[in-house]
Amino acid sequence: MRSLYDIDIRIEALLSLPEEDVVDVETGEVKRDIWSELDALDIERREKIANIALFIKQAKAEAAMLREYAKSITDRARAKENRVERLIAHTAASMMQYDDRTIEDKRVRVTATTSKSVDVPDVSVLPDEYKRVKTTIEADKTKLTKALKAGETFEGVYVIEKPTLRIK
């Protein structure tokens, strides 16, 4: 079975044949019935497009299923990580409460220590010298689209037209 590209090339080749290759200019006799070939190619092209669309639908469904599975696995991993964090907190608190700084056996050594971190619930109360400013600048594509449709032009802004398919 030919690819859609090959079918399109064949159709273009038939449509660009010189008239004298198709019809005898003197007698008007048809030398080559390109219409039958074009009809057959059109049928093959439409079937190929339908098959591609079915493949796309299936691939989208598989991608959605995999995305859902990945989410499920991510959720399970997060649950495990949360459980580990709770176990660490509880174990450390127990060891600190009973002043067990280190517990060791043949398989494992557990040491309880403390660590310090800075928490700032309200950054606005800090002096400026202790603040960092993060700025993100990006194009407002919605406003740009409206402005371009209204006839405005902007340097460095391009409209890119891409073919799309709606498959139902």
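This report describes the fold, core, salt bridges and surface of a predicted protein model.

Residues are numbered from 1 along each chain as its sequence is written, and side-chain values use heavy atoms, with hydrogens and water left out. Because the model is predicted, local features need pLDDT of at least 70 and side-chain atom pairs count only at pLDDT 80 or more, while totals for chains, interfaces and linings use all residues.

## Overall form

The protein has four helices and two strands, arranged along the sequence as α-α-α-β-β-α. Helices (H or I, at least four residues) and strands (E, at least two) are DSSP runs, numbered from the N terminus.

The radius of gyration of the protein is 34 Å, whereas a compact globule of 168 residues would have one near 15 Å. This radius is taken over C-alpha atoms, and the globule rule is 2.2 Å times the number of residues to the power 0.38. The C-alpha trace spans about 110 × 55 × 25 Å along its principal axes.

Of the 168 residues, 7% count as buried. Buried means under 20% relative accessible area, exposed means over 50%, and partly exposed lies in between (1.4 Å probe, protein chains only). The protein exposes about 15,800 Å², and carbon and sulfur atoms supply 54% of that area. Accessible areas come from the Shrake-Rupley method with a 1.4 Å probe; for residues, only the protein chains shown count as cover.

Contact means heavy atoms within 4.5 Å. Among contacts between residues at least 6 apart in sequence, 36% join residues at least 24 apart.

## The nonpolar core

The largest nonpolar core has seven residues: I7, I11, L14, V22, I34, L38 and L41. A nonpolar core is a set of buried Ala, Val, Leu, Ile, Met, Phe, Trp, Tyr and Cys residues joined through side-chain atoms within 4.5 Å. Helices α1 (4–15) and α3 (34–97) each supply at least two residues of this core.

Another, V22, lies in helix α2 (residues 19–22) and counts as buried at 12% relative accessibility. Not counting residues up to four places away in sequence, V22 touches L17, E29, V30, K31, R32 and I34. V22 and I34 are 12 residues apart in sequence, and their C-alpha atoms are 7.3 Å apart in space.

## Salt bridges

The structure holds 12 salt bridges. A salt bridge is a side-chain nitrogen of Lys or Arg within 4 Å of a carboxyl oxygen of Asp or Glu.

| Pair | Closest N and O atoms |
|---|---|
| D8 and R45 | 3.9 Å |
| D99 and R101 | 3.5 Å |
| R107 and D105 | 2.8 Å |

Salt bridges that share partners join D8, D42, R45 and R46 into one network. D8 is partly exposed at 33% relative accessibility, and R45 is partly exposed at 24%.

## The loop at D99

D99 lies in the loop between α3 and β1 (102–104) and is exposed, with a relative accessible area of 54%. Its salt-bridge partner R101 is partly exposed, with a relative accessible area of 41%. D99 has a positive phi of about 55° although it is not a glycine. Most residues other than glycine have a negative phi.

## A nonpolar surface patch

Which residues make the nonpolar surface patch of about 210 Å²? The patch is made by I103, V108 and V110. Patches are made of residues with over 30% relative accessible area and no salt bridge; like charges are joined within 9 Å, and nonpolar side chains (Val, Leu, Ile, Met, Phe, Trp, Tyr) within 5 Å. V110 is placed in strand β2 (residues 109–111), and V110 counts as partly exposed at 31% relative accessibility.
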